[in-house]
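Me: I'm new to reading protein models. Could you walk me through a few features, one at a time?

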Amino acid sequence: MRKKVLALLALIPFIAAEIEAQSPLAGQSTESSFKDGVTDEQLFRDNTRELGSDKYAGRMPLTKYDDMTVKYIADKYKEIGLQPVNGSYFQDVPLLAVKTNIKGNAVNLKGKKGKLTLKYMDDIVIWTLRAEKKQKINAELVFAGFGINAPEYGWNDYEGLDVKGKIVVCLINDPGYYDDNLFRGKYMTYYGRWTYKFEEAGRQGAAGILLIHDTEPASYGWSVVQNGRQNAVLTLLSPTGNKENVPLNGWITGESAKKLFEISGVSYENAISSAKKKGFKYIPLGVTTTIETNNDLTEGVSKNVVGILPGTDLKDEYIIYTAHWDHIGIGAPVDGDSIYNGADDNASGVAGLFVLARRFVQLPERPRRSIVFLSVTAEEQGLLGSEYYVQHPLFPLNKTVIDLNMDVYGHKPASHDVILDAAGDSETDKYVIETAAAQGRVVKIAKASTAGGYFRSDHFNFAKGGVPVVLAKGGGDYINPEAVKAHIAKYGVLNTYHQPSDEYHDWWDVSGSLQDVYLLYGIGLRLANDGYFPKWNEGIPYKTIREAK
């Protein structure tokens, strides 16, 4: 598939002229005239600023700020001219909120070589997704490598291991991170995601799972783990009360994991080294613990917000644009600030939906296919809003042409290039390449995705539902590199991911943000009118799902 993509890239000079003549992207300007007199840039900035302000307190679902946020989005949809679906702009999403309280605020471990106390939040983070008010887990710990059972890669860390009554200790990411000859090399598979590891531990019947945190393979620091679990954790609620889930999920710091291995009498270095090689066999640690929890349970309903621009002769086929509206609310103060605003992540994506919606609504002629704008809830808690939508679609998934998702679209300088992720997975590559060419941009294939970006935003649930998706954003070949350097010299480069510092600033450069919004606009507009259904390529697991619908 990669060869096909490279062949398409080679055709860019020849197709650019043809696409440019047809595409609204050629010479695209934020100063385009609209009935309300507001430019795209102003619309994007105003709504990112609004939704990312302290007034919305980090937009945590199942709080009063949930209601404020979804009302704002629905009102904006109506103002722009989108129609409700079945008489409403909302899709109810039933959620369970669980605040896990650990007895003693610590976890005590006993091993052959001594005892260890891990302080909750500092050394270890534990929570449950089960609807159980009280839990008491008496368990021994076992090292299960990466916690992966992947037959297609000839890898099973659980082979011969009965995990009932045991807490498995696992590495984050997958073996390919350490050896390019394993799995997909540096391109993380879903087996590397923490969500998969928790799911698999549940399928195996484990009493719990602890992931060893390491910043590089995890792609985020310990503070991100802490910040995501200080408040109640949200989950969808199954008819069983989520008993199919592992009773306890958790993370342990790398330093604490080394101490754990010390009291077990097992060499940490040797165990980690062996786990990275094919043929690894689980290692009993001879460490026991008793963990008691008292859990505060709250059932509630959050909302996905949906608006539609009906199509013409193909109105029963759908292009879906998505962006999650939630962030992580109020948490531990950093430099005196406790509001995790989520301006970039993902007020900017919702603002992008508004820019797109207005452009489509004000086209001289409606597109043939219907255009759906879906702002989903609880992405930060595990892609829950999009998961619920795919389980309960408002529009048939077999009639959904593509999902075009926007996540983290703020302060990006304009670039000459577009980075295409998951190249070769589907025929959507062609649409990215040709639309980027119409913008005068060159597509480059992402060399590696060690962070597993494919599995970390809402498009992934659509892919699992068989709907083709696009992962493409501007790269680092900036149109004005000197301005970028000057910007960095003045403001510095802040890591704002899941921090209170993720706030909107007027000094943001959003030229690249709008470039990328226009890229998705062009792709959606073309697919809305050409009547084609892009297909998954051979060997991609979502192909069989699509063809079965």
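Me: Let's begin with one residue. Is isoleucine 320 buried or exposed?

Reply: To place a residue, look at its relative accessible area; under 20% counts as buried. Isoleucine 320 has a relative accessible area of 0%, so it is buried. This residue lies in strand β13, residues 314–324.

Me: Which residues does isoleucine 320 touch, leaving aside those up to four places away in sequence?

Reply: Its contacts include Val372, Leu374, Tyr389, Ile402 and Phe462. Leu404 is also one of them: the C-alpha atoms of isoleucine 320 and leucine 404 are separated by 6.2 Å, though the two residues are 84 residues apart along the chain.

Me: Now helices. At what angle do α3 and α10 pack?

Reply: Two packed helices are described by the angle between their axes and the distance between the axes. Here, α3 (residues 40–51) and α10 (residues 343–361) pack at about 140°, and their axes are 8 Å apart. That angle makes α3 oblique to α10. Their crossing is right-handed.

Me: What kinds of residues make up the contact of α3 with α10?

Reply: There are nine nonpolar, four polar and three charged residues. Among them are Leu43 and Phe44 from α3, which belong to the set meeting α10 residues such as Val350 and Phe354.

Me: And how confident is the prediction; what is the average pLDDT?

Reply: The protein averages 92, and 94% of the residues score at least 70. Over residues 10–24, however, the pLDDT is below 50.

Definitions and conventions: Residues numbered from 1 in each chain as written. Predicted model: local features only at pLDDT ≥ 70, side-chain atom pairs only at ≥ 80, totals over all residues. Heavy atoms only, no water. Axes fitted to C-alpha atoms, helices over the stretch in contact; angles between N-to-C directions. Helix = DSSP H or I, 4+ residues; strand = E, 2+ residues; numbered from the N terminus. Parallel < 35°, antiparallel > 145°, perpendicular 65-115°, else oblique. Left-handed = near helix turned anticlockwise from the far one by under 90°. Contact = heavy atoms within 4.5 Å. Nonpolar A, V, L, I, M, F, W, Y, C, P; charged D, E, K, R; others polar. pLDDT = per-residue confidence, 0-100. Buried < 20%, exposed > 50% of the residue type's maximum accessible area, 1.4 Å probe, protein only.
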